[in-house]
Amino acid sequence: MIPNISALTKLYYTIGEVAGMFDVSKSLIRYWESEFSILKPGKNRKGDRRFTKQNIEQLAIIYHLVKEKGYTLDGAKNEIKSSRSAQKARIQLLEKLIQIKDGLANLKDEL
């Protein structure tokens, strides 16, 4: 069960609150943190994890791939990496298209 992330209002959530949102154990959250490099919640002086909205979004992706789609941990890692690579490629393409658009607009103004 993935929580409604847009409804989150606090800046930080404890590991117990996050585990409750996903209906999983705290130890599973800690294990996923050790396995997935994208998941790095902050810690307070006592060492307690403090999850932000972004961390919860990352957990939602992991939860969806592993629990709902049935990916293995390695498969989920690969899927996350490939989607990141695809996102970077899209950003680079968008930047090039903006440059081309600006160049064409300048050319039009010169004519």
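Entry 1: I began at Gly70, which follows α3 and has a positive phi, near 80°. For the labels, I took helices (H or I, at least four residues) and strands (E, at least two) from DSSP runs, numbered from the N terminus. The model is predicted, so local features need pLDDT of at least 70, side-chain atom pairs count only at pLDDT 80 or more, and totals for chains, interfaces and linings use all residues. Residues are numbered from 1 along each chain as its sequence is written, and side-chain values use heavy atoms, with hydrogens and water left out.

**Entry 2: the overall layout.** I read the order of elements from the N terminus as α-α-β-β-α-α, which comes to four helices and two strands in the protein chain. Next I checked the dimensions: along the principal axes, the C-alpha atoms fill a box of roughly 65 × 30 × 25 Å.

Entry 3: For contacts (heavy atoms within 4.5 Å), I looked at pairs with a separation of 6 or more: residues 24 or more positions apart account for 51% of them.

**Entry 4: the other positive phi.** Which residue has a positive phi although it is not a glycine? I found Asp23, with a phi of about 55°. Asp23 sits in the loop between α1 (15-22) and α2 (26-35), and is exposed at a relative accessible area of 64%.

**Entry 5: salt bridges.** How many salt bridges does the structure hold? I got five, using a side-chain nitrogen of Lys or Arg within 4 Å of a carboxyl oxygen of Asp or Glu as the test. One of them joins Glu17 and Lys10 at 2.6 Å, N to O. Glu17 is partly exposed at 31% relative accessibility, and Lys10 is also partly exposed, at 40%.

Another pairs Glu33 with Arg49, with the closest N and O atoms 2.4 Å apart. Glu33 belongs to helix α2 and Arg49 to strand β2 (residues 49-50), so this bridge ties together parts that are 16 residues apart in sequence. Are these two partners buried or exposed? Both Glu33 and Arg49 are buried; for Glu33 I wrote down a relative accessible area of 9%. Not counting residues up to four places away in sequence, Glu33 touches Leu39, Lys40, Pro41, Lys43 and Arg49.

I then turned to Lys77 and Asp74, whose closest N and O atoms are 4.0 Å apart in their salt bridge. They are three residues apart in helix α4 (residues 73-110), and therefore separated by about one helical turn. Lys77 is partly exposed at 22% relative accessibility, whereas Asp74 is exposed at 53%. Salt bridges with shared partners join Glu35, Asp74 and Lys77 into one network.

Entry 6: Which residues of α3 are buried? My list reads Asn55, Ile56, Gln58, Leu59, Ala60, Ile62, Tyr63, Leu65 and Val66. Gln54, also in α3 (residues 53-68), is exposed with a relative accessible area of 52%. From Gln54 to Leu39 I noted 9.2 Å, C-alpha to C-alpha, for a pair 15 residues apart in sequence.

**Entry 7: the start of the chain.** Leu8 lies in the segment before α1 and is buried, with a relative accessible area of 17%. What does Leu8 contact, leaving aside its neighbours within four places in sequence? I found Tyr13, Met21, Lys53 and Ile56; Ile56 is one of the buried residues of α3 listed above. To finish where I started, I checked Leu8 against Gly70: they are 62 residues apart along the chain, and their C-alpha atoms are separated by 26 Å.

Note on methods: Buried < 20%, exposed > 50% of the residue type's maximum accessible area, 1.4 Å probe, protein only.
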